Amino acid sequence: MDVGAYLSRIGYQGPTEPTLETLRGLHRCHLFSVPFESLSVHCGEPITLAPPLLYDKIVRRRRGGFCYENNGLFLWLLRALGFDVVGLAGRVRNRFTGRLGPPRDHLLLLARLGGQRFLCDVGFGDGFLEPLRLEPGLEQPQEGGTFRLGLAGGVWALEQLRAPGGEGQVLYTFTLEERELGDFAAMACYHQQAPSSLFACKSFCSLPQPGGGRLTYMGWRLIATRGGERTETPLQPPEIPALLQHAFGAQLSGTLVPKDQDIQPPPEGEEMGPAPPTE
């Protein structure tokens, strides 16, 4: 795995010393270059959480992935550049069902710099664009919105605020127990087949857009959001592969089977629950 090729893949040309400036630049470049996507699940590409395989997919084949892939490879890059960074496990609040996913539902990263800690996440989708300081109650405005971290009983919660000083919506919860990529192997399988998983139920590919907004392919639609406005363009199946390559740089090695199925409620006994309060 070649650091220079990785930096070229994400279009990063800045300094590489392990500083906050570097971390911010790498985080933004990664998010704007590597799609958050579920395409492998729907075109017959099994996902295995081995860093060389993730490197081949994301860097050499210029694809994207879900959280374990994007954050898993970003973890390798940051460590290769000398950052003190660890993996953490989270539980995402599903925006379709309003429920939290199972334990280890999400991989995110924690970087330690100069006595401070920063949350990094290049594998969530419509989240924060630059690392967040790990400080409860602090409102952190940035281009993608205003974010706040809550802490209760050892569980952190990431919120996106509707307005500064106002109420927020929980995006996911997490703890500070350190995790390695291999700890998520079972959940990577879950997300490729479970009817309560976004990735198994919907074929999608998504990138933030320069100047604000987001472009998302999902099922048989192209969705563009900007400044609170949303437009949807219906797609015919033969159009989709060319659109993915043109709009997202994603060239598929298999035949995509589009899917936009309703996400099923989690089965009884599965460790899910409503999003907790963050106060």
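Colleague: Where do I start? How many helices and strands does the protein have?

Modeller: Remember first that the model is predicted. The protein has seven helices and 15 strands. Its radius of gyration is 18 Å, close to the 19 Å that the globule rule gives for 279 residues, so the protein is as compact as a globular protein of that length. The C-alpha trace spans about 50 × 45 × 40 Å along the principal axes.

Colleague: What share of the residues count as buried?

Modeller: Buried means under 20% relative accessible area. Here 50% of the 279 residues fall in that class. As for the surface, the protein exposes about 12500 Å². Carbon and sulfur atoms supply 51% of that area.

Colleague: What share of the contacts join residues 24 or more positions apart?

Modeller: Take the contacts with a separation of 6 or more. Residues 24 or more positions apart account for 58% of them.

Colleague: And the charges? How far apart are the mean positions of the positive and negative ones?

Modeller: There are 26 positive and 30 negative charges. Their mean positions lie 2 Å apart.

Colleague: Now the rings. How do I tell a stacked pair from an edge-to-face pair?

Modeller: Look at the angle between the planes. Under 30 degrees counts as stacked, over 60 as edge-to-face. The structure holds 12 aromatic pairs. Take Trp-156 and Phe-174: the ring centres are 6.2 Å apart and the planes are at 15°, so this pair is stacked. The pair links distant parts of the chain, with Trp-156 in strand β9 and Phe-174 in strand β10, 18 residues apart. Both residues of the pair, Trp-156 and Phe-174, are buried.

Colleague: Which class does the pair of Tyr-172 and Phe-174 belong to?

Modeller: The ring centres of Tyr-172 and Phe-174 are 6.2 Å apart, but the planes are at 65°, so the pair is edge-to-face. Tyr-172 has 0% relative accessibility, so Tyr-172 counts as buried. Phe-174 has 1% and counts as buried.

Colleague: Which residues do ring pairs link into a cluster?

Modeller: The cluster holds Phe-36, Phe-66, Tyr-68, Phe-184, Phe-199 and Phe-204. Keep Phe-66, Tyr-68 and Phe-199 in mind.

Colleague: How do I read a helix? Which residues of helix α3 are buried?

Modeller: Start with the general idea. An α-helix has 3.6 residues a turn, so residues three or four places apart point the same way. Now the case. Helix α3 covers residues 51-60, and Leu-54, Tyr-55, Lys-57, Ile-58 and Val-59 are buried there. The buried residues of α3 pack against α1 and α4.

Colleague: Where is Arg-104, and is it buried or partly exposed?

Modeller: Arg-104 is in the loop between β3 and β4. Its relative accessibility is 30%, so Arg-104 counts as partly exposed. Phi of Arg-104 is positive too, near 65°.

Colleague: On to helix α5. What is His-191 in contact with?

Modeller: His-191 lies in α5, residues 185-193. At 4% relative accessibility, His-191 counts as buried. Leave aside neighbours within four places in sequence. His-191 is then in contact with Phe-66, Tyr-68, Asp-105, Ser-197, Phe-199 and Ala-200. Phe-66, Tyr-68 and Phe-199 belong to the ring cluster.

Colleague: Last one. Where is Trp-220, and what does Trp-220 touch?

Modeller: Trp-220 is in the loop between β12 and β13. Its relative accessible area is 39%, so Trp-220 is partly exposed. Not counting residues up to four places away in sequence, Trp-220 touches several residues, among them Thr-233, Pro-234, Ile-240 and Pro-258. Now set Trp-220 against Leu-176: 44 residues apart in sequence, 39 Å apart in space, C-alpha to C-alpha.

Notes: Residues numbered from 1 in each chain as written. Predicted model: local features only at pLDDT ≥ 70, side-chain atom pairs only at ≥ 80, totals over all residues. Heavy atoms only, no water. Helix = DSSP H or I, 4+ residues; strand = E, 2+ residues; numbered from the N terminus. Rg over C-alpha atoms; globule rule 2.2 N^0.38 Å. Buried < 20%, exposed > 50% of the residue type's maximum accessible area, 1.4 Å probe, protein only. Contact = heavy atoms within 4.5 Å. Areas by Shrake-Rupley, 256 points an atom, 1.4 Å probe, with all protein chains shown as cover. Lys, Arg positive; Asp, Glu negative; His and termini not counted. Charge placed at Lys NZ, Arg CZ, Asp CG, Glu CD. Phe/Tyr/Trp six-rings, centres within 6.5 Å; stacked < 30°, edge-to-face > 60°.
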